[in-house]
Amino acid sequence: MSSSMKECLQLQLLEMEMLFSMFPNQGEVKLEDVNVLTNIKRFLEGTREALPPKIEFVITLQIEEPKVKIDLQVTMPHSYPYAALQLFGRSSELDRQQQLLLNKGLTSYIGTFDPGELCVCAAIQWLQDNSASYFLNRKLVYEPSTQAKPVKNTFLRMWIYSHHIYQQDLRKKILDVGKRLDVTGFCMTGKPGIICVEGFKEHCEEFWHTIRYPNWKHISCKHAESVETEGNGEDLRLFHSFEELLLEAHGDYGLRNDYHMNLGQFLEFLKKHKSEHVFQILFGIESKSSDS
């Protein structure tokens with residue numbers, strides 16, 4: 001274990017101790033993995049060899065004026081605080097546009113911290129001090145100003161690879177999350193499983209966080225494409241909805257986990273959606289044009 005990794009994990013444990021002292025009531029800080037802090041301590045003591053999971057948790061903040069609650073989702077990469085903290089705030093009292101603006105403001109504030117600085121407590125303080133304006137005066141969020149500069153958003157497209165996607169409940173979850181977050185793309189079920197999700201950066205990242213955790217291990221984001229836009233991003237979309245993609249399969253249909261999707265059909269699908277270039281990125285195979 002490198003000294004830098006050890007230092008990062010020790011700092012993370014220190015910050016978690018501060019958070020538990022700030023929020024001592026049960027349920028205020030909810031760890032995704034209740035054993036993660038114990039496993040990190042064992043790792044630092046040398047009694048555990050495997051690198052422990054990342055610390056992931058949700059803090060429920062009570063905002064006094066107006067009387068609302070904000071759930072702050074936090075993921076600490078292993079190299080935090082030298083790597084960027086992953087934060088996302090949500091509230092049932094915020095509509096989608098307000099939530100988008102809240103998280104843009106929070107991300108911008110956290111971006112002012114230098115590498116090595118702990119910033120979860122600062123993020124909490126920022127939300128307590130600044131979130132009220134996102135709940136109040138809702139009309140002001142939408143009223144255009146003749147002097148205001150256009151707001152730039154990041155449009156993101158993520159290409160996600162999984163060893164397989166079979167389970168009906170998982171497939172339903174993926175589709176439900178995609179439609180709830182107003183992203184477009186597809187989920188190709190079978191072996192391998194491929195997901196493409198596109199939309200505003202905040203929505204895509206929330207989609208990725210939601211479907212991946214708590215225990216989907218054999219999945220990774222192989223490629224991401226982003227572009228700055230001042231519009232709603234509709235002209236950048238390659239897909240018009242978020243749907244399940246079902247292709248013919250090769251192999252023994254009697255063994256549910258031993259069939260492979262027809263990659264030739266998948267390549268043709270990518271060509272139709274101007275995405276042929278990702279075929280090699282996903283599979284390490286150079287695509288061959290059918291007319292060559």
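**Figure 1. Helix H8 against the five-stranded sheet.** Angles here run from 0 to 180 degrees between N-to-C directions, with axes fitted to C-alpha atoms and, for helices, over the stretch in contact. By that convention, H8 runs at about 145 degrees to E7. The helix lies across E5, E7, E8 and E9. H8 covers residues 201-212, and strand E7 covers 193-200. The model shown in every panel is predicted.

**Figure 2. The whole chain.** The fold contains 10 helices and 11 strands. Of its 292 residues, 46% are buried. Take the contacts with a separation of 6 or more: 67% of them link residues 24 or more positions apart. The exposed surface comes to about 16,200 Å². Carbon and sulfur atoms supply 50% of that surface.

**Figure 3. The mixed sheet of five strands.** In what order do the strands of this open sheet run? The order is E8-E5-E7-E6-E9. Pairing in this sheet is mixed. Strand E8 (219-229) and E9 form the edges, and each pairs on one side only. On average, neighbouring strands are turned by 15 degrees against each other, direction ignored. E5 (residues 153-162) is joined to E8 by 10 bridges. E5 and E8 run antiparallel.

Figure 4. Which strands does H7 lie across? They are E6, E7 and E9. H7 runs at about 155 degrees to E9. The helix spans 168-180, and a loop then leads from H7 to strand E6 (184-188).

Figure 5. Arg171 and Glu244 form a salt bridge, with their closest N and O atoms 2.7 Å apart. Arg171 sits in helix H7 and Glu244 in strand E9 (residues 242-245), so the pair ties together parts that are 73 residues apart in sequence. Is Arg171 buried or exposed? Its relative accessibility is 17%, so Arg171 counts as buried, because buried means under 20%. Glu244 is partly exposed, at 26% relative accessible area.

Figure 6. The side chains of Arg96 and Asp182 form a salt bridge, at 4.0 Å from N to O. Arg96 belongs to helix H3 (residues 96-110), whereas Asp182 is in the loop between H7 and E6; the pair therefore ties together parts that are 86 residues apart in sequence. Arg96 is partly exposed, with a relative accessible area of 42%. Asp182 is also partly exposed, with 44%. This pair belongs to a structure that holds 10 salt bridges.

Figure 7. The closest N and O atoms of Arg237 and Glu234 lie 3.2 Å apart, and the residues form a salt bridge. Arg237 is buried, at 15% relative accessible area. Glu234 is partly exposed, at 45% relative accessibility. Elsewhere, salt bridges that share partners link Arg90, Arg180 and Glu206 in one network.

**Figure 8. The antiparallel sheet of four strands.** E1, E2, E3 and E4 form an open sheet, in the order E1-E2-E3-E4. Pairing here is antiparallel. Why does one side of E1 and of E4 lack a neighbour in the sheet? Strand E1 (29-31) and strand E4 (86-90) stand at the edges with a single partner strand each, so one side of each is left without a neighbour. From one strand to the next, the twist averages 20 degrees. Five bridges join E3 (residues 68-76) to E4, and these strands run antiparallel. Asp71 stands opposite Arg90, which is in E4.

**Figure 9. Gln98 in helix H3.** Gln98 is located in helix H3. Gln98 is buried, with a relative accessible area of 0%. Which backbone oxygen does its side chain reach? The side chain of Gln98 reaches that of Tyr134, at 2.8 Å.

Notes
Residues numbered from 1 in each chain as written. Predicted model: local features only at pLDDT ≥ 70, side-chain atom pairs only at ≥ 80, totals over all residues. Heavy atoms only, no water. Helix = DSSP H or I, 4+ residues; strand = E, 2+ residues; numbered from the N terminus. Buried < 20%, exposed > 50% of the residue type's maximum accessible area, 1.4 Å probe, protein only. Contact = heavy atoms within 4.5 Å. Areas by Shrake-Rupley, 256 points an atom, 1.4 Å probe, with all protein chains shown as cover. Pairing = 2+ DSSP bridges. Polar contact = N/O pair within 3.5 Å; in protein donor to acceptor, adjacent residues only side chain to side chain.
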